[in-house]
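User: Hi! I have a structure here that I'd like to talk through with you. Could you take a look?
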Amino acid sequence: GILEVEHVEDESTSEGEWVQYGCKKLGTGQIKIKYLTTQVSPSDLIGFNNTGNVCVWPSEEVMAFYCCKHKELFNDLCVCELGAGMTGLAGLMLGAESAAKSILVTDGNHQSTQNIQVNLEANREHFKSTQMNSSILLWSKDTDFGAWVNAFDVILCADGLFFEESHYGLIHVLKMLLKPKCFALFFAPQRK
């Protein structure tokens, strides 16, 4: 793949498997990521989108590679990753490699955001001056965005377009979170 993944011996538990991600091609350092290893049943996937707890999808890895390759785009900017799944891989790699001012790594699933926070703490030493945080964030018109209104220069999102029923909520989130003169990067496989 475009990123190297290595199992971290003696740190995995029944709750999760630890791996290290890096990219030798770009000369990045390695960050530790905990995969959730609890079984996800078909009923867990009904209703709210829980697919981010299944695995790290290729679009997330491509987004992480792109962000690290073009890390200068994010210098001194406030970044928000939407739908980061169980790992927050792209946001964490960007935090370790760039000079972004801040990165908020979000997902709408409580289990995912708890694990993202574990991953943030495991990599805190790699983030230099970038302020790193995680939070639950639902893509809804009913969401209270508080201090996040017009707070971000960049939004990152991998596989956020898959479920059409979430498009209106996603557009609302973009409208609420992005500053004027900003940009959003979406990564997704081609689908018919």
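User: Let's start with Glu121: is it buried, partly exposed or exposed?
Analyst: Glu121 counts as partly exposed, at 46% relative accessibility. Keep in mind that this is a predicted model.

User: And which residue does the Glu121 side chain meet in a salt bridge?
Analyst: Its partner is Arg124, with an N to O distance of 2.8 Å. Arg124 is also partly exposed, because its relative accessible area is 35%, between the 20% and 50% cut-offs.

User: How many salt bridges turn up in the whole structure?
Analyst: The search finds 2. The other one pairs Asp153 with Lys179, whose closest N and O atoms are 3.3 Å apart.

User: Where do Asp153 and Lys179 sit in the chain?
Analyst: Asp153 belongs to strand β7 (residues 152-158) and Lys179 to strand β8 (residues 178-187).

User: Is Asp153 buried or exposed?
Analyst: Asp153 is buried, at 14% relative accessibility, while Lys179 is partly exposed at 27%.

User: Switching topic, how many helices and strands are there?
Analyst: The chain has 4 helices and 8 strands. Along the sequence they run β-β-β-α-β-α-β-α-β-β-α-β.

User: What share of the residues is buried?
Analyst: Of the 192 residues, 46% count as buried. The chain exposes about 10,000 Å², and carbon and sulfur atoms supply 53% of that area.

Notes:
Residues are numbered from 1 along each chain as its sequence is written. This is a predicted model: local features need pLDDT of at least 70, side-chain atom pairs count only at pLDDT 80 or more; totals for chains, interfaces and linings use all residues. Side-chain values use heavy atoms; hydrogens and water are left out. Helices (H or I, at least four residues) and strands (E, at least two) are DSSP runs, numbered from the N terminus. Buried means under 20% relative accessible area, exposed over 50%, partly exposed in between (1.4 Å probe, protein chains only). Accessible areas come from the Shrake-Rupley method with a 1.4 Å probe; for residues, only the protein chains shown count as cover. A salt bridge is a side-chain nitrogen of Lys or Arg within 4 Å of a carboxyl oxygen of Asp or Glu.
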